[in-house]
2 protein chains.
Amino acid sequence: MATIYDVAKAAGVSPKTVSRVLNGDAPVNQKTRDAVLKAIGDLNYIPSSAARTMRSQRSGLVGMITGAISTGPEWSSPAGLPEIFIVQGAQRLLAEYGKTLLISDTGGRADRVPNLIQTFLEHRVEGLIYVAEYHQKVSLPVIGRNTPIVLANCFDDAGTPAVVPDDMGGQRTLVQALIDDGHERIGFLTLPDSLIARDLRVEGYKSALEENGIRFDPDLVVSAALADPAHEFDRLWDSVDRILRLKDRPTALCCGNDKMAMQVYRILHERGLSIPDDISVVGYDDYRIISEHVYPSLSTIDLPYGTIGIRTAETLLRLMDGAARTGKAPVDTVSGPLVWRNSVKKRDRKVTSITQWRS
Amino acid sequence: MATIYDVAKAAGVSPKTVSRVLNGDAPVNQKTRDAVLKAIGDLNYIPSSAARTMRSQRSGLVGMITGAISTGPEWSSPAGLPEIFIVQGAQRLLAEYGKTLLISDTGGRADRVPNLIQTFLEHRVEGLIYVAEYHQKVSLPVIGRNTPIVLANCFDDAGTPAVVPDDMGGQRTLVQALIDDGHERIGFLTLPDSLIARDLRVEGYKSALEENGIRFDPDLVVSAALADPAHEFDRLWDSVDRILRLKDRPTALCCGNDKMAMQVYRILHERGLSIPDDISVVGYDDYRIISEHVYPSLSTIDLPYGTIGIRTAETLLRLMDGAARTGKAPVDTVSGPLVWRNSVKKRDRKVTSITQWRS
DNA sequence: CGATGTCATGACATCGGTGTCATGGTTAGC
DNA sequence: GCTAACCATGACACCGATGTCATGACATCG
């Protein structure tokens, strides 16, 4: 492989001049420049980033770790796989800034993390990103002060900068949209209790009700999923059953995610209820293979993994740039747009909503 | 950051001896070794792979490109995203061999590929992997002879080593399973004509019929999907309609993939047909969020992306190891297991199948 | 016209490891 | 007891870039 010396010799200049042409850090005469560029082309010269890294102490690399890290309950999402969107988002932004992404997956074994970090540090990554499979709390082994790290889709106790989905705001937006469509009795089939997203979304649900002067009825919120997938469906069936038997039956159901919504479709269908005429349904995630293809297509809210990736990279780049931690909260929340399809029916409101004379 | 010289000084030995402890390339006295290891720990020394790469000319890096590359029709799979499984599979195997994965996504723009390759070459990657979104033919810009490259989920005209799914064998297996369950009139709602997988699977379908002495009826094979997603559903509806109106109506339907199967479920349901009692259905891909959660759960065949990733890495490692291209065909096919769930009904065969006296 | 500044370029050291070769001390073999 | 073989270690050059400083050729200015 040709070196900068070969190029220099071929162009009849010094290596340093070739370097100047490549990096543009000092003026070079046009003729000289042309000669150098020609030599580069002829020799098919490709600079060595290893040599450059050594001299300049900047590798241009960013490390990313995906896969399990917490020792919490294994809540596998065999098809969720938000990771790829986060990876793509982060990679694309980093590429714009000339950074290359090193990636490594734990393969589900948290004990491998220190090794991965060691490898990344050997490559002198300028920053690290850790991506969790779902919104959760993690605890990472400590890394030297020098290498900034940003958490994506998770956060920790140590105040590490993090980017997470705005589960509370998302659910609030979703419920607000239902209220705007005239719904007031809104059931909520939640994710498993062990998930942080579950609590945040219930908060968002409550807050939307409150802002609209609707009383919160605990009977309407049912923990519908189990961390154990084996009994998932039966549990969901039972939950729907309980909600439908309520005296003042809800006109709309929020589901923990689109997958659950798909199963709720089936349950409602088997019970002879038509969506959205008899009851409206919304999901969460905008998992398009489901939301676009079920019938009626599902109204939901986008869980913006791509944006989380971009935002994470953005935060990391800023830290790499030496920006001291700003006063800003270390946990950044990202919200996604409503995606309103055909699973919600507009209703006439029985009473004038409080919202109408609020704004 | 501590260097090997700092460690040497702290341990009272020469840098070269530290190097020997790290690499184990020559015997080192136990006492000396302990002193060196202690110094390494005390100083929190992490070797620089840039320096190592420079001297040894081996970077330990493998580059991977994902995203669009062909200029063919944009057949987007918004939710398919096999890439992540391929990435994971490849990364895990590479990690076992001490290789680190550099990853870059084209962001859908094939014209960026040369830049990505340039970047990878600057990092002196020891090998390259290109991952396509779906089984297709691609054409990559030429790279120097030195860096081996393997294609995953695609192939080219130039005879580059490649790993692709065994679409023909998979469909044959699937149809054979239907035949084993007593079906003989088997409809096939295929993927869009533009896809290579479509033709291969039709081949597999025919071959299974032939092996069982069942006459191929072209009316049973309907190109059910369009590359244009806008009219996708109407087209599918029409295709199912056409097949159901056939004089000798099929007892089972093969669908191009699980997503299509999910829509076929809905169509059959609306027509008052029950699965699997009135008609059996199988998919393709084992896209679990669908296949496990529709009702009845879908019998299908796994499209083994993880295995493709592993096999690709395996092939690449062999090439990196200097193994001259063996006589083996450069295109390697990978097949996945049947996943038999509840969407197929066993039938009594009207006539003794030819298979029974064949083996 | 000499002093000063700017432009274009080169010489040389250096980043942090490892390959090569040399060296001194032990042990084995005859 | 002398040589050969081996073990453990160090000196030194080198991988391929770039930062620093120096230098010669011109242009500018008072």
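**Cavity, chain interface and DNA surfaces**

Helix 4 of chain A and helix 4 of chain B each give at least two residues to the lining of the largest cavity. The model described here is predicted. A search of the whole structure finds six cavities of 30 Å³ or more. The largest cavity holds about 120 Å³ of space.

The size of an interface is often given as the accessible area lost when the parts come together. Between chain B and chain A, the buried area is about 4,600 Å². Carbon and sulfur atoms give 64% of that area. B:Arg124, B:Ile289 and B:His293 supply 13% of the area that chain B buries against chain A, more than any other three residues.

DNA strand C has 27 residues around it. Those that come nearest are A:Thr17, A:Arg20, A:Thr32, B:Ser19 and B:Arg55. Of the atoms of DNA strand C within 4 Å of the protein, sugar and phosphate account for 50%. A polar side-chain atom of A:Thr17 lies 2.5 Å from one. For A:Ser14, a backbone N or O atom lies 2.8 Å from a phosphate oxygen. A polar side-chain atom of B:Arg52 lies 3.0 Å from a phosphate oxygen. Helices 2 and 4 of chain A and helices 1, 2 and 4 of chain B each supply at least two residues of the surface near DNA strand C. That surface divides into 10 nonpolar, 10 polar and seven charged residues.

Around DNA strand D there are 26 residues, of which A:Ile4, A:Ser19, B:Thr17, B:Arg20 and B:Thr32 come nearest. Sugar and phosphate make up 53% of the atoms of DNA strand D that come within 4 Å of the protein. A backbone N or O atom of A:Ile4 lies 2.6 Å from a phosphate oxygen. A polar backbone atom of B:Ser14 is 2.9 Å from a phosphate oxygen. A:Arg55 instead has a polar side-chain atom 2.9 Å from a base oxygen of DNA strand D.

Technical notes:
Residues numbered from 1 in each chain as written. Chains lettered and ligands numbered in written order. Predicted model: local features only at pLDDT ≥ 70, side-chain atom pairs only at ≥ 80, totals over all residues. Heavy atoms only, no water. Near = heavy atom within 4 Å. Polar contact = N/O pair within 3.5 Å; in protein donor to acceptor, adjacent residues only side chain to side chain. Helix = DSSP H or I, 4+ residues; strand = E, 2+ residues; numbered from the N terminus. Nonpolar A, V, L, I, M, F, W, Y, C, P; charged D, E, K, R; others polar. 1 Å grid on protein atoms, 1.4 Å probe; cavity = no way out; pocket = protein on both sides within 12 Å on 5 of 7 lines; lining within 4 Å. Points joined across faces, edges and corners; volume = space filled by probe spheres on them. Buried area = accessible area lost by both parts, 1.4 Å probe.
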